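This briefing covers helix packing, strand pairing and the surroundings of a ligand. The structure comes next, followed by the points grouped by topic.

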Amino acid sequence: QAVRKWWKEAVVYQIYPASFNDTNGDGRGDVKGITAKLDYLKALGVDVLWVSPIYDSPQADMGYDISNYRDIYPPYGTLDDVDRLIQELRKRDMKLVMDLVVNHTSEQHPWFVESRSSLSSPKRHWYIWKKPVYDADGKPHPPNNWGQILGEGRPAWVFDGATQEYYLAVFTPQQPDLNWENPAVRAEVHDILRFWLDRGVSGFRMDVINLISKDQAFPHGDVLIPGARYQPGTKHFANGPRLHEFLQALKMEVLDCYDGVMTVGEMPFVLDEEEILKIVHHEQGFLNMIFNFELVEIDAQRGDVPGDFRMSVGPWSVADLRRAVTRWQRLMIDNGGWNSVYCENHDQPRSVSHFCDDSDEHREYGSKLLCLMEATLCGTLFVYQGEELGMRNVPPEWGAEEYKDIESVNYWNKINEMYPGNEAKLLQAKKVMRAKARDNSRTPMQWDASPNAGFCPVGVQPWMRVNDDFETFNAAVQTTAGSPSIYHFWQEILALRKKHPEVFVYGGYELVDEHNADVFSYVRTAESGERWLTVLNFTGKNAKWAVPEEVAGKLRWAAGNYFSGEHDVLPGVGLGSIKLRPWEGLLGWAI
Ligand code: ISL
Ligand code: CA
């Protein structure tokens with residue numbers, strides 16, 4: 001059994017600061033707004049906050065473009081506000097994890113301003129500069145065909161007139177990539193980590209940390225998008241040649257010098273188990289855990305590289321879901337790694353819309369179904385703000401102008417440039433945005449039924465439109481509701497998880513009824529022999545589930561999304577199979 005660690009048992013709650021809670025009436029959330037809600041979070045069962053970037057930033061990519069790593073974006077507050085947040089968290093036995101974005105900076109970071117100023121600038125080699133390739137007509141071209149990750153169809157190299165060279169910016173032109181080959185850059189990053197650890201933060205979520213080492217030959221990307229000039233280059237910089245070396249140094253020189261730091265590396269574009277195990281192995285690894293994208297990209301229509309075709313919606317099956325989950329459960333339980341469990345974040349659609357059905361009829365069941373799955377899997381659990389309320393994607397009627405994210409804006413502009421006035425294409429693009437745009441999870445938190453949902457004062461314009469359903473789906477209703485709300489359900493199931501870490505955090509994992517086309521079910525076992533079964537009907541119709549022989553007659557239900565509480569325990573089931581209602585989920589134990 002895995003070694004016990006606080007960060008394995010912790011329930012982490014992700015806060016998207018712009019959309020959480022506005023206390024000074026500028027229509028954006030702020031650090032004081034986070035501090036003001038700690039009791040709500042504690043009551044839910046949260047142990048750790050991961051706060052998306054709050055550093056100073058021009059906000060081209062909502063703070064994932066940092067212009068000062070040692071200060072706070074003024075609309076969000078000050079360093080004093082963060083100190084106070086940490087103090088208030090400590091009082092409640094909670095912790096803070098910062099979002100560390102060091103693959104790239106903002107183009108407005110003084111380092112980059114200096115770097116682009118001249119070929120001989122002392123900061124020139126802090127970024128990745130290349131001479132143009134000139135074609136026959138004498139026009140400059142980028143050194144290779146890599147395309148932008150958040151601006152599909154555009155080059156990842158940006159020509160800079162002042163010095164007549166290109167800089168690399170794999171996300172957007174506003175986010176130039178740092179040159180990790182340069183030891184001065186690595187030393188500076190180490191110092192940034194120390195700065196925050198010394199202030200009392202308990203760890204880091206490391207943004208796209210697997211992209212920091214680029215193949216120095218900068219080869220062309222394979223042609224994955226037929227006919228396109230710019231292609232995904234991720235193969236040449238996702239888990240690149242020196243990644244392990246750079247992470248090892250971060251660990252030895254910084255992280256290991258502090259007690260019990262939690263690290264979670266975001267790792268898109270890579271699903272190779274052996275490679276991931278090297279990174280998260282409990283003895284030889286460099287990070288505690290990573291975020292991989294297999295589950296959240298279950299519906300992406302892929303070429304060779306997962307995640308390179310995000311703005312697409314394809315079919316998926318319960319078998320796909322079972323395979324995606326089981327692979328990473330095995331990595332931890334059989335192979336000595338560790339992993340995160342999550343269904344949504346600020347880059348993904350709302351999970352109930354994504355994996356279930358967000359219609360009025362099914363939404364509550366779907367939200368609770370996902371809760372049952374997440375809270376009974378092995379791994380560190382990450383809940384995203386509003387997930388505990390069953391918040392859903394933006395309404396289909398919203399116009400494209402309501403979408404604020406740079407990726408959505410780029411995508412919408414691209415479709416409009418490619419197919420001007422083509423209603424069918426535009427309608428299709430709107431559908432894709434409604435399903436996949438990052439804006440879906442970025443709408444303001446729904447605290448109550450007042451105008452602006454209690455997110456910002458009445459009369460203030462929130463930075464992003466509030467989802468239309470806030471009058472019925474909000475925290476005030478759900479924390480006081482008579483019948484168990486989605487929030488109450490999360491509260492109950494999280495408490496159960498915490499009561500039995502030997503089962504839900506550290507226990508074994510085996511599939512049950514594993515060829516069932518509709519139902520995903522598994523058993524978690526403790527060393528004591530105690531067994532817990534999770535049974536999840538991932539369809540909107542009735543389904544059958546075969547009761548495993550070894551538990552027949554011994555199974556007792558502890559929770560389910562169609563009933564609630566200890567008072568409503570269903571009788572044990574005999575041999576044969578049971579019928580599940582649409583999106584029904586059950587949690588039971590066998591004695
Ligand atoms: O969500 C994606 C694209 O829509 C992913 O490919 C995403 O770009 C990838 O997960 C990296 O995400 C992280 O870094 C980005 C930032 O835009 C995301 O918000 C962040 O989570 C660049 O810093
Ligand atoms: Ca504010």
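**Helix packing**

Helix α12 (residues 406–418) packs with helix α13 (residues 423–436) at an angle of about 165°, and their axes are 10 Å apart. The model is predicted: local features need pLDDT of at least 70, side-chain atom pairs count only at pLDDT 80 or more, and totals for chains, interfaces and linings use all residues. Residues are numbered from 1 along each chain as its sequence is written, while chains are lettered from A and ligands numbered from 1 in the order in which they are written.

- Axes are lines fitted to C-alpha atoms, for helices over the stretch in contact, and angles run from 0 to 180 degrees between N-to-C directions.
- Helices (H or I, at least four residues) and strands (E, at least two) are DSSP runs, numbered from the N terminus.
- α12 and α13 are therefore roughly antiparallel to each other (the term applies to angles over 145 degrees).
- Their crossing is right-handed, meaning that the near helix is turned clockwise from the far one by less than a right angle.
- S408, Y411, W412 and I415 of α12 meet K425, L426, A429 and M433 of α13, where contact requires C-beta atoms, placed from the backbone, within 7 Å.
- By class, this contact of α12 with α13 has six nonpolar, one polar and one charged residues. Ala, Val, Leu, Ile, Met, Phe, Trp, Tyr, Cys and Pro count as nonpolar, Asp, Glu, Lys and Arg as charged, and the others, Gly among them, as polar.

**Three-stranded sheet**

- An open sheet of three strands has the order β6-β10-β9 with antiparallel pairing (strands pair if DSSP finds at least two bridges between them).
- β6 (129–130) and β9 are at the edges with a single partner strand each, so one side of each has no neighbour in the sheet.
- β9 (residues 157–160) and β10 (residues 165–168) run antiparallel and are joined by four bridges.
- V158 stands opposite Y167 in β10, and D160 has E165 in β10 as its bridge partner.
- The hairpin of β9 and β10 has four residues between the strands, and Q164 takes a positive phi near 55° there.

**Eight-stranded sheet**

- An open sheet of eight strands, paired parallel, has the order β13-β12-β11-β5-β2-β1-β15-β14.
- Its edge strands, β13 (289–291) and β14 (340–341), each pair on one side only.
- Four bridges join β1 (residues 11–15) to β2 (residues 48–51) in parallel, and Q14 stands opposite W50 in β2.

**Ligand 1**

- Ligand 1 is surrounded by 16 residues, of which the closest are Y64, F171, P268, R310 and D347 (C-beta atom, placed from the backbone, within 6 Å).
- This shell divides into seven nonpolar, two polar and seven charged residues.

How values were computed: Angles under 35 degrees count as roughly parallel, over 145 as roughly antiparallel, 65 to 115 as roughly perpendicular and the rest as oblique. Two residues are in contact if their C-beta atoms, placed from the backbone, lie within 7 Å.
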